[in-house]
Amino acid sequence: MAERKVSWRDRFGDEITCVRCLEIKDSTHMDRLLWCRECRRTARLRATRRGWAVGVVFAAALAAWIWVVVKPSDLVLGGWVATLVAAAWIGARVAREVFFGIDRFQNRRAAEAVPPGSGPPAGDASR
Ligand SMILES: [Zn+2]
C-alpha cells in the first residue's frame, strides 16, 4: 500500500490568498508563510536596497578608520580599495539577509496590499 506524501498545501485548496498582497493565487506560487512569488521578490528587492545602503555606510566607516588609524601608504592603495569594495559587498549581503529575515519573521499582514481604488485601473470596477 503506497502512502501519499502529505504536504502542508493539503490543508488549503488550489487557490490561496497571499497574506502580503491579499491577492488570490495558485497554491504552487505560495510558500509556507503564504507569501506569493511576487511578494517574496518584492521583499527580497527591498532587503537588497537596504542592504546596499548598510554596506556602503559600513565601507565608508571602514575607509575613515583606515584613513585615520591605519594611515595607508600609496604602495598598496589597490589593496585598500579592494578591501573597501569587499567590505561593501559582504556588508550588503549580510545586511540583506538580516533585513529579509526580519521581514519574514515579522510577517506583517497585507504589507504589499494595494487599497482598492488607488491601484492601476486594471481589474473589474464592479467591486
Ligand atoms: Zn502576494
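Start by selecting Arg-20: this residue is buried, with a relative accessible area of 1% (buried means under 20% relative accessible area, exposed over 50%, partly exposed in between, using a 1.4 Å probe and protein chains only). Before you go on, note that this is a predicted model, where local features need pLDDT of at least 70, side-chain atom pairs count only at pLDDT 80 or more, and totals for chains, interfaces and linings use all residues. Residues are numbered from 1 along each chain as its sequence is written, and side-chain values use heavy atoms, with hydrogens and water left out.

**Around Arg-20**

Arg-20 belongs to the loop between E1 and E2 (strands, E, are DSSP runs of at least two residues and helices, H or I, of at least four, numbered from the N terminus). Now show its contacts, meaning heavy atoms within 4.5 Å. Beyond the neighbours within four places in sequence, Arg-20 touches residues including Trp-35, Cys-39, Arg-46, Asp-103 and Glu-112. Zoom in on Trp-35: the charged end of Arg-20 sits over its ring, 4.2 Å from the centre (the rule asks for NZ of Lys or CZ of Arg within 6 Å of the ring centre and within 35 degrees of the ring normal). For another case, pick Arg-44, whose charged end sits over the ring of Phe-100 at 4.4 Å from the centre.

**The zinc ion**

Next, click the zinc ion. Which residues coordinate it? The SG atoms of Cys-18, Cys-21, Cys-36 and Cys-39 do, at 2.2 to 2.3 Å (donors are N, O and S atoms within 2.8 Å of the metal, or 3.2 Å for Na, K and Ca; water is not among the atoms, so sites may look incomplete). Along the chain, the donors are spaced C-x2-C-x14-C-x2-C. Cys-18 is in the loop between strand E1 (15-17) and strand E2 (24-26), while Cys-39 is in helix H1 (residues 37-70), so this pair ties together parts 21 residues apart in sequence. Cys-18 and Cys-39 are both buried.

**Trp-8 and Phe-12**

Now select Trp-8 and Phe-12. Their ring centres are 6.2 Å apart and their planes are at 75°, so the pair is edge-to-face (rings of Phe, Tyr and Trp, the last by its six-membered ring, pair if their centres lie within 6.5 Å; planes under 30 degrees apart count as stacked, over 60 as edge-to-face and the rest as tilted). Trp-8 is buried at 15% relative accessible area, whereas Phe-12 is partly exposed at 30%.

**Last stop: Ser-27**

Finish at Ser-27, in the loop between E2 and H1. Ser-27 is buried, with a relative accessible area of 9%. Leaving aside neighbours within four places in sequence, Ser-27 contacts Arg-9, Gly-13, Asp-14, Glu-15 and Ile-16.
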